[in-house]
Structure formats: structure tokens, C-alpha cells
Amino acid sequence: MIVAMEPAAEILVVDDEPYIAEMLSMSLRYAGHRVTTVGTGSDALRATRSATPDLVILDVMLPDISGFDLLSKLRSGGRPPVLFLTAKDSVEDKVRGLTLGGDDYVTKPFSLEEVVARVGALLRRSSPAEPDEVETLRYADLVMDEDAHEVWRGEQLIPLSPTEFGLLRFLLRNAGRVVSRAQILDNVWHYDFNGDSSVVDSYIRYLRRKIDVLDPPLIETVRGIGYSLRLPRQPR
């Protein structure tokens, strides 16, 4: 049974299978959201010209463009979280979609309850913190302003997707400590990835390309355990 659980959000469903689009639309509306459905990449781009949705559910196999290619076009007008929805279930496809900037990935056939739950998790992850929860996190020359939803490394502003932002927030809140992949999955993704921790490794690589372009590198791999946000140790 699907129940309302989140404040109303504007959700764009991009899927060329009418039955799936209709079932998703009905379930999300029942959960309290406002939903627009389109069947092609071109229609998706037109739908986002006037306003950026709060979240996009994006099928990879569209008749006119790959969902992977469409993602960059959608993100040029804003950075809504994106949930990929597709029949492709290989690890390579999942990692590709997430590494390109998608925030989650569900394969067909799927449970409507699961999709609604994942939508809720993405919306919570991308929502600004409540006023009494807003804080500025700092480590070395890295600064995260949760109120402005901005990250700075020295004088350089670093644009991050909602999931990248959430991952970095968790690392900052545990700066100096080693956190396992399981801890990251539980605290950033908020549900089980069925033992597939490759999404964590992919997002760490993606984050490093943005955070560690300046010296010193801050994200350290602790072999066999996980990751840590800390300054490189000085040689003895």
C-alpha cells in the first residue's frame, strides 16, 4: 500500500511505455506529488523549459535519445535529482548512469512502492535543511554551506549533484574518521543496495575529480575498509 509521505513535489516522468508512465503517475499522485509524463526526450526538454522539476524519473531507452545523453541536457537548466528507470540491469549500466550524474537506478520490472520510497529518499536528500539544522561544515580549505547549498575549496566554487553533496556532507561530518562503504550506503542512500557497493566507489571517484583537483588531496581510500576525509599524513 502506497501512502503519502512527502510534501508535494513537481515530478517529471520520462518513459515511452504508456502503461508504466500511467502507473507511476497514479502512484506518485497518490503519494501527494504533482506529476507530468512525457514519452520522448524532446518532450522532456520542452517540459523543463518553463520550470525545473523537483525530480526526474528517466527511462534510459527512449525512442529519440538515450536517457544517458538526455541527462546532460536536462541538467543544463538546473540540477534536479534523477532516478533512472530501465530494463538494463548490468552493473556496468548502473555505474554508468550514476557516474554520469544520475542519483539512483531502478530496473524493470519494479515495485511501485519501491519507486515511491526511492523518490522520497531523493527528495529528502536534495531538500534544504530546516533552519535549526543548517550548518557550515569545514575541513582544511573545504567549506560546505548547507543554507546556500554550496561547496567551496579555497576560493573555488564546486558544483555538486544532490547525491555528491550528500556524500560529501557525510564525509565532512566524519572528517578524520574512516567510514565503511556500508556506512556510506546507509547514511547517504538510506537503503540497501543489495550488497552492490560499486555505486559508492563510483561516486567517490566522481567527487575526487571535483574536490581533489587542488592540493592537497583530501579523500583517502583505506584499503579493505572504506574512505576518510583527512589531510595526507606527513612522512615520519
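Start by showing side chains for two helices: Thr163, Glu164, Leu167, Leu168 and Leu171 in H6 meet Tyr203, Ile204, Tyr206, Leu207, Lys210 and Ile211 in H8. Contact here means heavy atoms within 4.5 Å. By class, this meeting of H6 with H8 involves eight nonpolar, one polar and two charged residues. For that count, Ala, Val, Leu, Ile, Met, Phe, Trp, Tyr, Cys and Pro are nonpolar, Asp, Glu, Lys and Arg are charged, and the others, Gly among them, are polar.

A word on what you are looking at: this is a predicted model, in which local features need pLDDT of at least 70 and side-chain atom pairs count only at pLDDT 80 or more, while totals for chains, interfaces and linings use all residues. Residues are numbered from 1 along each chain as its sequence is written, and side-chain values use heavy atoms, with hydrogens and water left out. Helices (H or I, at least four residues) and strands (E, at least two) are DSSP runs, numbered from the N terminus.

**Stop 1: the helix crossing**

Now select residues 162-173 for H6 and 198-211 for H8; these helices pack at an angle of about 85°, with their axes 10 Å apart. That makes H6 roughly perpendicular to H8, a label that covers angles of 65 to 115 degrees (under 35 is roughly parallel, over 145 roughly antiparallel and the rest oblique). Axes are lines fitted to C-alpha atoms, for helices over the stretch in contact, and angles run from 0 to 180 degrees between N-to-C directions.

While H8 is on screen, zoom in on Tyr203 and Tyr206. They form an edge-to-face aromatic pair, 6.4 Å centre to centre with 80° between the planes. Rings of Phe, Tyr and Trp (its six-membered ring) pair if their centres lie within 6.5 Å; planes under 30 degrees apart count as stacked, over 60 as edge-to-face and the rest as tilted. Being three residues apart in helix H8, these two tyrosines are separated by about one helical turn. Both Tyr203 and Tyr206 are buried, where buried means under 20% relative accessible area, exposed over 50% and partly exposed in between (1.4 Å probe, protein chains only).

**Stop 2: the antiparallel sheet**

From H6, move to the strands it covers: H6 lies across S6, S7 and strand S8 (150-153), running at about 120° to S7. In which order do the four strands of the open sheet run? The order is S6-S7-S8-S9, with antiparallel pairing; two strands pair if DSSP finds at least two bridges between them. Strand S6 (136-139) and strand S9 (156-157) stand at the edges with a single partner strand each, so one side of each has no neighbour in the sheet.

Select S6 together with S7 (residues 142-145), which are joined over four bridges. Arg138 stands opposite Val143, and Tyr139 has Leu142 as its bridge partner. In the hairpin between these strands, which has two residues in the turn, Ala140 takes a positive phi near 50°.

Next, follow S7 into S8, again over four antiparallel bridges. Leu142 has Arg153 in S8 as its bridge partner. This hairpin has four residues between the strands, and His149 in the turn has a positive phi of about 55°.

**Stop 3: the parallel sheet**

Turn to the five-strand open sheet, ordered S2-S1-S3-S4-S5 with parallel pairing. Its edge strands are S2 (34-38) and S5 (104-107), each pairing on one side only. Select S1 (residues 10-14) and S2 to see their five bridges; Glu10 stands opposite Arg34 in S2. Helix H1 (residues 18-30) packs on this sheet, touching S1, S2, S3 (55-59) and S4 (82-86), and its direction makes about 170° with that of S2.

**Stop 4: the aromatic cluster**

Finally, select Phe68, Phe84 and Tyr105, which ring pairs link into a cluster. The structure holds three aromatic pairs. The rings of Phe68 and Phe84 have centres 5.3 Å apart and planes at 70°, so this pair is edge-to-face. Phe68 lies in helix H3 (residues 67-75) and Phe84 in strand S4, so the pair ties together parts 16 residues apart in sequence. Phe68 counts as buried at 5% relative accessibility, and Phe84 is buried at 0%.
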